[in-house]
Structure formats: C-alpha cells, structure tokens
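Colleague: I should like to learn how to read a protein model. Could you please take me through one step by step?

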Amino acid sequence: MNPYIEIIRPGNVIMAMIAIILVAIVAHSISVPIILAMLAVFFEISAGNVINDYFDYKIDLINKPERPIPSGRMGLKTARNYAYILFLCGTICGFLISYLTNNWIPFIIVLVADILLYLYAYKLKSTPLIGNLTVGFMTGLCFAFGGFSIGTPQMIYTSIFLGFFAFVMTTAREITKDIEDIEGDKAEGARTFPILYGTKVSAIITFILIILDCILCPLLYFQHIFNIFYLAIIAIAVVLFVYSAILIIKNQDVETAAKVSKYLKIGMLIAFVSFAVGSF
C-alpha cells in the first residue's frame, strides 16, 4: 500500500466520517457544508493518525516495524509535514463551513480538534484515563460537528445527544481495550488506568458508563426525535451493552475484555443503524 495512504489508517478515517454521514441521514440533508464537514473529518483524523505515528516512531521501531515511518518508506520530517498539511486542509474546510453558514462554531470545533489531536499524540495518549476520555470526546465531537454544520436548532440538539452517546460508549470501550492490553502495556512500561488503579476499578467505571448510555437510549424516542423502529433496533444494542457490562464487572481477564470490546463495537454499529432507520 502507498505509505501516504497507509499512514492515515483509512479504516479509522472512514469510521469517523460515518458520524457525519449519520447526521446527514438523520437530518435528511445533503449540502455543501455537509460535504465539507466530511472532508474536514477526513483531513483531521488523517492528520491525527499521521502525527501519532510521528511521535510513536521509536516505539513502532520495536512493535510495528512494518509501519511507513519505521520501515523507511516515509521519512520522519516528511511525515510531520504531511500531518501539518492535513491539519491545514481540515482547518480550511472548517473555515469554509462557517463562512457559508454564517456560524463560526464549526470553525472553532476544527481548531479545538487540531489542538486535541496534536496533544493526544504528543502527551495525552500516555496519561491515564485522560487519553481514554480524549478519544471518546473526539468521537462525540464528530457528531456535534455535523450538527453545527447543518445549523438547525433541532439537528444541533440531536447531534449533541448522539455525540454524548458516542463519547460515553467509546470511553467505556477504550478502558476495556486497556484491560485487554494490560500485559503488553506492562511489558512496555505504559501507565494506563488499569495498570495504575487495577482492572476491578476500571471495570466498575466501564460498567457505569455502559449503563448510563443504556438509560439514555430510549430518550430520543420519547422526545419524538426518532420513530418506533429506532426503539426496536436500539433495544438489540441495549441488550448487548448490558450483557457486556455484566461480563466485565464479573471478570476482568484478557479474554473477557477482548469479548466485551468486540461486543461494544458491534453494539455501537447497531445503534448507528437505529439512528439512521429511526429518522425516517
């Protein structure tokens, strides 16, 4: 694969863009600002992945020698400049959205994303819990960004709600992944939350976050934002979420954490489907 494509991690970028696509589906709207929002997310997440590889260069020499930088297919300086160009492209898209909609919040969101993505790669990633919260916040921010790019009060409210759901569940999954990776992280001298405070405390936090999201799920139906089909589909996700919460609170071994991480990902995908179907 071309190193310029590989280093942006296309799979991660597409997953982030799905947030904007979902907001567009829920709003039944396709416009220039929404298209620009998709491009902004593409550039911003790509930039974050590249700058992450830049700062992880020495670690990847050992753990992921096949990656573009440690393999020598992309120079360190080239990767840094590539990240800066991607950040600039994302920022320009954010500026254009704000100019077209006469609302400067989308531009501010992109500037916040620039700072957080850089700080995450540089420092926050290795900070216990803060790193997990940052990943969750960035995931939720994609939804809010889509809503503010559309600009109607209803979509701003809905997108913030969807973003909060994504923030909470993504944070829960990130903590679960840290439990799953605890042995490898210990060997590398990492200071993740499960290593510092134990897997039981981590599981309790994960349990609380999952149950919080499950309680919130029906609200979008009862507030007449989504139809009855949303409630039927989200119920499947809720069952999977509750089952995952029970699993992780009962057992925090690596195998269980891996299962829970997978179940949460599947549950989130089902929830995203319910958002789309429930909007019609």
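Predicted model: local features only at pLDDT ≥ 70, side-chain atom pairs only at ≥ 80, totals over all residues.

Colleague: How many helices and strands does the chain have?

Modeller: Helices (H or I, at least four residues) and strands (E, at least two) are DSSP runs, numbered from the N terminus. Here the chain has 14 helices and zero strands. With a radius of gyration of 19 Å, close to the 19 Å that the globule rule gives for 280 residues, the chain is as compact as a globular protein of that length. That radius is taken over C-alpha atoms, and the rule is 2.2 Å times the number of residues to the power 0.38.

Colleague: What percentage of the residues is buried?

Modeller: Buried means under 20% relative accessible area, exposed over 50%, and partly exposed in between (1.4 Å probe, protein chains only). Of the 280 residues in the chain, 49% are buried.

Colleague: How far apart are the end C-alpha atoms of helix H6?

Modeller: The expected span of a helix is 1.5 Å times one less than its number of residues. Helix H6 holds 18 residues (105–122) and should therefore span 26 Å; its end C-alpha atoms are 26 Å apart, which agrees.

Colleague: Which residues of H6 are buried, and what covers them?

Modeller: An α-helix has 3.6 residues a turn, so residues three or four places apart point the same way. In H6 the buried residues include Ile-109, Val-110, Ala-113, Leu-116 and Leu-117. Their cover includes helix H3 (32–55), helix H5 (76–101) and helix H7 (130–150).

Colleague: Where is Asn-103, and what does it contact?

Modeller: Contact means heavy atoms within 4.5 Å. Asn-103 lies in the loop between H5 and H6, and its relative accessible area of 18% makes it buried. Leaving aside neighbours within four places in sequence, Asn-103 is in contact with Ser-98 and Phe-148.

Colleague: Is Leu-216 buried or exposed?

Modeller: Leu-216, found in helix H11 (residues 199–216), is buried, because its relative accessibility is 17%. Beyond its neighbours within four places in sequence, Leu-216 is in contact with Phe-161 and Phe-164. Leu-216 and Tyr-157 are 59 residues apart in sequence and 14 Å apart in space, C-alpha to C-alpha.

Terms used
Residues numbered from 1 in each chain as written. Heavy atoms only, no water.
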